[in-house]
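Here is a short note for a colleague who is new to this model. Please read the points alongside the structure shown below.

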Amino acid sequence: MNFDNKIVLVTGASKGIGRQIAIDFANKGAIVIANYNKSYNLAKELLEYNIDIYKADISIEEEVKNMIDYIISKYKKIDILVNNAGICNDTIIENKTKEDFMKVLEVNLVGAFLVSKYSYKYINNGSIINIASTNGIDTNYIYSIDYDASKSALISLSANLSNLSSKIRVNTICPGWIDTTMNSDMDIEFKNKELNKIMLNRFGTCKEVSNVCLFLASPLASYVNNAIIRVDGGKKN
Ligand code: NAP
């Protein structure tokens, strides 16, 4: 698989899954723009991989617009967009404010919408991959009702985006539990309970999500459109 001269934008690429995806595309010949928001110190390490880094809060329309303008003025096109950036804010329902809830929707859902909206007309024979979550399908975690709603809605957004153009394949990846900082402070009792639900009996790696992302973006997936792929080791509800 090679992505020579392909222009790839990965949102939320300073760490975790997005970072791995950015590095893997770059290692396969792509010209990668890694979007980040707060973690400049981590993002700048990507310069060593010859990856271009760009700071933008994807929930702010003006910043998204400026990011796409920057990419188009420098690279003229986008071939592959990976909407990966996401946040969670797990807590009991009594502690969730409307502002907290809206923030999760704004980043996970509206952010993906904005980046897609400003990018899609520059994608010709390319692909959009949205990183949702099994939480968007199973939705059985009361602590993350906002996150789960955002991911369900992202799956819906993805389906609608797949009707946008015959030149853009749009697919969704739903990771299950993946080892990243997003869940590094997880209660050990809860973690063991979750591990028992996973057939492979372990959390996944960023690489295992990235592998599927590269497949979906490649010609190997030329007839895959509007698919939802779980990468969860066989997680039961
Ligand atoms: P992570 O390690 O916490 O990384 C999240 C990334 O999103 C960071 O690079 C962060 O950038 C970026 N980000 C957050 N808010 C942003 C904003 N407003 N604008 C631009 N970038 C923003 O998370 P992860 O575990 O790799 O998760 C990546 C994606 O996979 C998310 O969509 C997540 O929901 C999904 N997912 C993760 C798991 C899991 O178990 N880890 C499971 C299912 C789905 P800065 O730090 O620079 O702000």
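1. A term first. Rings of Phe, Tyr and Trp count as a pair if their centres lie within 6.5 Å; planes under 30 degrees apart are stacked, those over 60 are edge-to-face, and the rest are tilted. By this rule the structure holds seven aromatic pairs. Keep in mind that the model is predicted.

2. Start with Phe-3 and Phe-25. Their rings pair edge-to-face, with 4.9 Å from centre to centre and 75° between the planes. The pair links distant parts of the chain, 22 residues apart. Phe-3 lies in the segment before strand S1 (7-10), while Phe-25 belongs to helix H1 (residues 16-27). Are these two residues buried or exposed? Phe-3 has a relative accessible area of 2%, so Phe-3 is buried. Phe-25 is buried too, because its relative accessible area is 0%.

3. Next, Tyr-36 and Tyr-40. The ring centres are 6.1 Å apart and the planes meet at 45°, so this pair is tilted. Tyr-36 counts as buried because its relative accessibility is 8%. Tyr-40 has a relative accessible area of 42%, so Tyr-40 is partly exposed.

4. Now look further along the chain. Which residues form one aromatic cluster? They are Tyr-141, Trp-177, Phe-190 and Phe-203. Phe-203 also has a charge over its ring: the charged end of Lys-191 sits there, 4.6 Å from the ring centre.

5. Step back to the whole chain. Its secondary structure comes to eight helices and seven strands. The C-alpha atoms fill a box of roughly 50 × 35 × 35 Å along the principal axes.

6. Burial and contacts come next. Of the 237 residues in the chain, 51% are buried. Take the contacts between residues at least 6 apart in sequence: 71% of them join residues at least 24 apart. The accessible surface of the chain comes to about 11,500 Å². Carbon and sulfur atoms account for 52% of that surface.

7. H1 is mostly covered, with nine of its twelve residues buried. Among them are Ile-17, Arg-19, Asp-24 and Phe-25. What covers the buried residues of H1? The cover includes S1, strand S2 (31-36), helix H2 (40-43), strand S4 (80-83), strand S5 (126-131) and helix H8 (206-217). Just after H1, Gly-29 takes a positive phi of about 95°.

8. Finish with Gly-234. This residue is found in the segment after strand S7 (228-231). Its relative accessibility is 33%, so Gly-234 counts as partly exposed. Leaving aside neighbours within four places in sequence, which residues is Gly-234 in contact with? They are Lys-197, Ile-198 and Met-199. Met-199 and Gly-234 are 35 residues apart along the chain, yet their C-alpha atoms are separated by 5.1 Å.

Conventions:
Residues are numbered from 1 along each chain as its sequence is written. This is a predicted model: local features need pLDDT of at least 70, side-chain atom pairs count only at pLDDT 80 or more; totals for chains, interfaces and linings use all residues. Side-chain values use heavy atoms; hydrogens and water are left out. Rings of Phe, Tyr and Trp (its six-membered ring) pair if their centres lie within 6.5 Å; planes under 30 degrees apart count as stacked, over 60 as edge-to-face and the rest as tilted. Helices (H or I, at least four residues) and strands (E, at least two) are DSSP runs, numbered from the N terminus. Buried means under 20% relative accessible area, exposed over 50%, partly exposed in between (1.4 Å probe, protein chains only). A charge sits over a ring if NZ of Lys or CZ of Arg is within 6 Å of the ring centre and within 35 degrees of the ring normal. Contact means heavy atoms within 4.5 Å. Accessible areas come from the Shrake-Rupley method with a 1.4 Å probe; for residues, only the protein chains shown count as cover.
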